[in-house]
Amino acid sequence: MVDLSMRTTSPYSQTTIATINITMQYTMTTQNIISLNAPNHNTNCIDVDSAPTVESPPSKQRIPEVRTIEIPRLENQIQKGQKFLLDPTGTVQRINVCLGWNVLNPQCDIDVSAFILGTDNKVLGDDWFVFYGQEDSPDKTVHFSLSEETDREYISVDLAGLNSNVHKIVFVLTINDALKNYLNFSMVKDAYIRILNADNQQELVSFQMTDYYDNVISMMIGEIYLHAGNWKCNAIGNGVAKDLAGLCELYGVQVV
């Protein structure tokens, strides 16, 4: 079982997300409306022109400062839904899967995770899930890291040493506390994934997202998978109305 360190909530449906978004918009629209249609004899009627101005107390919620990154040059881009042979020469042993993004809403705190799957599209075990709270796969061939250079975060994969039962690795971006803070992927921009040869840092393939959905809080941005003995990359760019705990359930990880 995996401990998500209380950074996630229970998964929500798309209907729930839509309802919360509509409720929030309605509340923001109606909370400042003053009715001017009350009858004159109503002693509770307020003269708007003579009423004293009441200032709202300052918000106690601190807006975090978010570093904006410059999107690196993406040299071998593929489009959404396109599949690409990762290593035609058969010489690449290790890769770095680098991810980056910028946000329109500074409350968007995005996490990167990788689900390491077998042929049944489920994790090989609870510890075959790499993220901020579990940085290594059991065989140490998949490792999560924060990036101190161009990208925000990256996941290194030792293809040569990877467990032979691994068929696919899915890379996901998730907005932390999305429902609590009324957040979704329409508040994100510039999201990309680029896969580098770890030995020389040359780009093998890259994909920059073009579609950002307001009913999505987790985005499967891309995956690598085995096909006829060769690793291929799939530019997914689609998401779900599930938080990190919901994704764990989807891929077979038991959460504490």
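This is a predicted model: local features need pLDDT of at least 70, side-chain atom pairs count only at pLDDT 80 or more; totals for chains, interfaces and linings use all residues.
Which residues does Lys232 touch, not counting residues up to four places away in sequence?

Residues are numbered from 1 along each chain as its sequence is written, and side-chain values use heavy atoms, with hydrogens and water left out.

View 1. Lys232 touches Lys83, Phe84, Leu85, Leu86, Glu223, Ile224, Tyr225 and His227, not counting residues up to four places away in sequence (contact: heavy atoms within 4.5 Å). Lys232 is buried (under 20% relative accessible area, 1.4 Å probe, protein chains only). Lys232 has no salt bridge (a side-chain nitrogen of Lys or Arg within 4 Å of a carboxyl oxygen of Asp or Glu); the nearest side chain of opposite charge, Glu223, is 10 Å away.

**View 2. The open sheet of six strands.** The strand order is S1-S11-S10-S7-S3-S4, with antiparallel pairing (strands: DSSP runs of E, at least two residues; pairing: at least two DSSP bridges between them). Strand S1 (83-85) and strand S4 (129-130) stand at the edges with a single partner strand each, so one side of each is left without a neighbour in the sheet.

**View 3. Pairing of strands S3 and S7.** Strand S3 (residues 110-117) and strand S7 (residues 168-175) are joined by eight bridges in the antiparallel sense. Val172 in S7 is the bridge partner of Ser113.

Technical notes: Helices (H or I, at least four residues) and strands (E, at least two) are DSSP runs, numbered from the N terminus. Buried means under 20% relative accessible area, exposed over 50%, partly exposed in between (1.4 Å probe, protein chains only). Lys and Arg count as positive and Asp and Glu as negative; His and the chain ends are not counted.
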